[in-house]
Amino acid sequence: MADMIQLSLYDLPQSPPNFDAVGRFYIAFCATWTFLLLVGVMFLVLNRSNPILKIRGISLSLTAILFLHIYWILAQITYPIGFTLPILAAYDVQYFFMGIWFPLGVALFHASNTRFLYVAQMQKQYAQSLNIRRKKPGCNGADTSWLCRLRNLDYPTKILIYIGIGIIFQILLTVGMWLMCKKYHPSFGIAGTELPSGTIAEQLIELSRGWEWWPSALWQAIWTWIIAPIMIWKAWDIRDTLGWRFQTIGCCLSNLHATPLWLISMYVPAFTKVNQYFAPSEWIHLSVMMFEIFAVFVPCWLVVRQRRLHKRAADSNAKWETTSQSTLRASHSVEWKTASLVEKGITIDFLDREMGDRLFTMSALDHVLNENPGPLQQFSALRDFSGENIAFLTNVSSWKASWRGGATDDQIRELFTRALVIYTSFISPRDAEFPINLSSKDLKHLEEIFEKPARIVCGEARVDQATPFDGPSQSSDSETDSAHDYIELQEIAGRIQYAGEISNAFDFGVFDRAQAHIKYLVLTNTWPKFVTEIQQQRRSGETERSHGTGKSQSTLASRVSNLIHSIL
């Protein structure tokens, strides 16, 4: 009798599509949400050069979102057309998507989230000092071991390699367990893994649960209840202006319910009626929708908001571009609380009502860059993740200040060496940790001048045929570790000079176009946020002092409001 029941299950005829009210809702909702998502993805792709998106590296997150959304679509059409497939084929599709496709999508998505922590950590170097920072490969990747070359790879590439290794293991495990389980193919497999006797409805339930599903559940539990809380803990104290922290924490929190409710809905009998209309996997797909909201629609809103801020700064600069620098009023005791110190020297009075929109002008920005760039440098590094821009501007200004008319050949070579340091530290895509955002035309112009010398000095392959620097010679037969072949220009620029060929295009204005572009980028992106931040903190501090330190109800409400604001 049991054999007849099992045989009737495996030979269960295909059902017609179920286009009742619930089925039509699923189809309409799936089409509408997919259309909105694709519009959002296209908007992000078209605006990928925007600083808010460029720093995120949206290619990885969008790839993960599209992976997850394909599985989300399959889940939405399960109710109306799922049983039009042969029963085993339908459950095989569900098993392999849950065991391979979904873990890959989640891994890619959380890998893109870890980029936030990586960028925040690396940007701290610009807050600690205005000195130049450049990435230091652990070894020469051309002639050494695979482990050394792995350390030499950039962060996104290493993350993808780790994910690739993990997903290969997951594929082998998923396929191996499917081959062992006879309930998906009665003709072969390990004895004792067949479907138990019972009604067709009971056997249908058994097809979607069992020991073969536990590796998928384990991976989900690791991502959602181990990795995600760790990411929340590490990201909690980071306060950025890009909405990146809000996006990362929101994605981590929105996934916590998925695995527990998926397991409960499969194993608790009370969910049987709910499962008829809302499949157990839909609890997971609710978190997928939240991923899409935080990873696609929230960045779209941030880009629109940034455009408004950009327009305000550009309009203010155009309106007051003829304003004299003398309109900037001076003060000697402006407190910048974000830096937790009192900045000394000449600074702008950010609370002067007479200044108005003049604070959003190039003159105000130039005043801060020339007189006291420290607070802006720390804000751009710790809050805006664009510390390389301010560091580039200050280093170029310092380099220009050292240029004297009628320079000798030795002085020209010294200036070129320092310019080469600036190029490799802020401009070169191969050397800079965070290359500044230049147009392809400007980048090509600078590459024609500096790229060949940079490769001689910092290239992966060691150059023995010529000594690019004037200095003590080294024995040619000495064998050193490839990590020592890497020359840190910052350390040697003040002691020895570049002795190779210098392009005729090198002159005092070699960085002018790049400097003007980055300064305007700072004016329309970082500077308005910095001014607004200072004004809000100063006004908040004055309000707190005016109300005293008593624990009144209004103070409690203010603290709650500040907490909510810090989270958002």
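A: One term to begin with: buried means under 20% relative accessible area, exposed over 50%, and partly exposed in between, with a 1.4 Å probe and protein chains only. This is a predicted model, so local features need pLDDT of at least 70 and side-chain atom pairs count only at pLDDT 80 or more, while totals for chains, interfaces and linings use all residues. Residues are numbered from 1 along each chain as its sequence is written, and side-chain values use heavy atoms, with hydrogens and water left out.

Q: Fine. How many helices and strands are there in the protein?
A: The protein has 23 helices and 4 strands. These are DSSP runs numbered from the N terminus: helices are H or I with at least four residues, strands are E with at least two.

Q: What share of the residues is buried?
A: Of the 568 residues, 46% are buried.

Q: And how many salt bridges does a search of the whole structure find?
A: The search finds 10. A salt bridge here is a side-chain nitrogen of Lys or Arg within 4 Å of a carboxyl oxygen of Asp or Glu.

Q: Start with glutamate 212. Which residue does it form a salt bridge with?
A: Its partner is lysine 183, with the closest N and O atoms 2.8 Å apart. Glutamate 212 sits in the loop between helix 9 (200-207) and helix 10 (214-235), and lysine 183 in the loop between helix 8 (155-180) and helix 9, so the pair ties together parts 29 residues apart in sequence.

Q: Is lysine 183 buried or exposed?
A: Lysine 183 is buried at 6% relative accessibility, and glutamate 212 is buried too, at 3%.

Q: Next, lysine 400. What is its partner?
A: Aspartate 512, with 2.4 Å between the closest N and O atoms. The two lie in distant parts of the chain, 112 residues apart: lysine 400 is in helix 17 (residues 387-401) and aspartate 512 in helix 21 (residues 512-524). Lysine 400 is buried at 17% relative accessibility, whereas aspartate 512 is partly exposed at 34%.

Q: Which residues of helix 21 are buried?
A: Among them are Ala514, Gln515, Ile518 and Lys519. As for length, the 13 residues of helix 21 should span 18 Å at 1.5 Å a residue, and its end C-alpha atoms are 18 Å apart, which agrees. The expected span is 1.5 Å times one less than the number of residues.

Q: Where does arginine 455 come in, and what does its side chain meet in a salt bridge?
A: It meets the side chain of glutamate 451 at 2.6 Å, N to O. Salt bridges with shared partners join Asp431, Glu451 and Arg455 into one network. Arginine 455 is buried at 16% relative accessibility, and glutamate 451 at 17%.

Q: Changing topic: where is glutamine 125?
A: Glutamine 125 is in helix 6 (residues 87-128) and is buried at 15% relative accessibility.
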